[in-house]
Amino acid sequence: MEEATQKAEQQALKLAAAIRGGDEKAAQQCALWLAEQRIPLAVQLQEEADPKQDIRLWVGVEDARMTTIPIYLKVRPCMTLASLKDMVFLHYGFPPSVQQWVVGQRLPQDHETLQYHGIQRDGDVAYLYLRSAKAAKLRKDTFQRELERRQLEELGIEEAALLPRGSTETAAAPTPRDPADVLDAEEQMENPAAPLPARSPKVGWECPICTFVNKPTRPGCEMCCAERPKDYLMPDSYQPDKEELVRLQKEEEAMRKYEQAKEQRKRDNYQQLLQLDGQSLVLSVAAVDCPICFGTLEPGEGVTLRECLHSFCKDCLKGTILNSQEPEVRCPYIDQKYSCPGQLLEREIKALLSPAEYQRFLDLGISVAENRSRGSYHCKTTDCRGWCFFEDDVNEFPCPVCLKVNCLLCKAIHENMNCKQYQDDLRIRAENDQAARQTTEMLMNMVQKGDAMYCPACQIIIQKKDGCDWILCTMCRTEICWVTKGPRWGPAGSGDTSGGCRCRLNGAPCHPNCHNCH
């Protein structure tokens with residue numbers, strides 16, 4: 001066994017000499033032999049290979065109170081972490097057992113050097129976290145003896161005892177011990193299992209983070225603010241001291257003031273909500289960019305819509321309302337992935353338009369409602385705005401605007417004539433009226449050529465001048481596919497693919513000439 005150990009040591013020395021001399025072949029042979037024998041070996045740089053210059057290391061020292069204090073240490077990159085801990089212990093009095101170093105987001109080991117972790121130049125950074133003495137299981141007397149021993153070693157004194165200043169005794173003549181104390185110590189050495197003196201039980205809860213023992217009434221750690229363990233139960237017999245009672249009273253008063261401030265905030269918010277509800281427009285409280293004209297709006301210049309909370313400038317919202325062909329104006333916000341479904345409220349529209357513009361908007365809504373209603377009838381008097389909804393058992397409509405009586409069967413006004421007399425007179429006038437005949441022939445010719453078509457719902461003749469294959473009947477507002485000359489959707493309206501042209505259903509176009517624009 002000794003021969004094997006001696007041979008392994010010789011091979012290790014040969015390996016070191018070969019590396020130092022640059023003999024690659026010899027170094028390879030020694031390393032191969034050591035690997036085959038599985039010899040436990042440690043390779044470490046010698047001191048002469050390390051840089052000799054000192055550098056200033058910036059150290060952030062942090063304790064359990066989360067307080068960071070920066071200091072500078074004069075170190076060498078070749079120092080191990082154990083040497084660095086010893087230097088901090090000697091200069092600042094922090095034992096190595098309470099030191100937890102962090103270098104480059106890593107926890108270095110005691111045998112690793114600073115250079116191994118990137119500490120090579122002035123200003124490099126490291127962090128030192130000081131654990132509590134209780135967490136490190138360090139007693140005060142042990143700490144004091146270790147500090148005295150280390151200070152004596154630094155002075156070159158191997159074994160001695162420090163005595164109080166002014167003592168007449170010498171270090172070489174220690175104070176004689178009482179024989180009774182010696183016997184007690186010998187008995188304790190012979191019987192190590194003897195019970196230790198009972199300690200008074202600690203009152204309070206121990207912080208799971210910093211191990212500080214807090215008073216039972218504290219909801220959080222006094223040192224690190226960690227939360228009290230949920231399974232901790234306050235002793236029934238515990239009576240808070242005077243200091244705790246003062247703290248509890250302050251906490252109760254602070255909680256009462258917090259609840260009062262909370263209720264006042266609720267009342268203020270409610271009053272603000274009532275004030276906003278009384279306004280026609282909600283003005284933006286911060287600077288915003290209009291998503292339509294991209295103009296920057298100062299606080300109070302933009303308008304925030306109530307339904308969707310999108311903000312625009314007043315001019316862009318006004319233009320959106322005036323250009324809308326629908327009585328319900330949608331929010332104009334749209335981007336590549338989202339189109340807002342919100343709508344402008346009636347009072348918002350009224351506040352953005354002038355009285356004349358608002359009246360035209362209302363007229364448009366009435367007109368759309370009339371045209372989209374199947375049971376509606378408009379008075380045949382020229383420029384009269386009167387119209388009504390009629391039922392099957394009603395044959396006449398006395399217009400409340402022009403006071404003329406409309407025949408719902410003939411769809412005309414024929415005063416002093418019955419329906420048969422009116423229809424006979426109409427056929428006679430059509431045969432003799434050249435202008436009416438030419439107009440009829442022109443429309444029929446356009447329908448035959450495909451330049452016009454009958455609306456599939458109300459049968460009026462409509463034409464498409466240019467643009468998309470999607471058209472809208474101006475009378476009944478039916479959506480029409482121009483290439484198929486039929487309705488765009490099924491009976492249920494927009495989105496119903498059970499009927500209509502069914503364009504792009506399962507990826508197929510509705511017609512060979514379909515431009516896929518509807």
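Guide: A search of the whole structure, which is a predicted model, turns up 11 salt bridges. Let's start with Arg76 and Asp54, whose closest N and O atoms are 2.9 Å apart. Arg76 sits in the loop between strand E2 (68–75) and helix H3 (81–92), while Asp54 sits in the loop between helix H2 (24–36) and strand E1 (55–62), so this pair ties together parts that are 22 residues apart in sequence. How open is each partner? Arg76 is partly exposed, at 35% relative accessible area, and Asp54 is partly exposed too, at 37%.

Next up, Lys85 and Asp110 meet through their side chains in a salt bridge, 3.0 Å from N to O. This pair also links distant parts of the chain: Lys85 belongs to helix H3, and Asp110 to the loop between strand E3 (99–102) and strand E4 (125–130), 25 residues away. Here Lys85 counts as buried because its relative accessible area, 13%, is under the 20% cut-off. Asp110, at 40%, is partly exposed.

Glu244 forms a salt bridge with Arg247, and the closest N and O atoms are 3.9 Å apart. Both residues lie in helix H6 (residues 242–277), 3 residues apart, which is about one turn of the helix. Glu244 and Arg247 are both buried.

Last, have a look at Lys215, Asp241 and Glu243: these three are linked in a network of salt bridges.

Note on methods. Residues numbered from 1 in each chain as written. Predicted model: local features only at pLDDT ≥ 70, side-chain atom pairs only at ≥ 80, totals over all residues. Heavy atoms only, no water. Salt bridge = Lys/Arg side-chain N within 4 Å of Asp/Glu carboxyl O. Helix = DSSP H or I, 4+ residues; strand = E, 2+ residues; numbered from the N terminus. Buried < 20%, exposed > 50% of the residue type's maximum accessible area, 1.4 Å probe, protein only.
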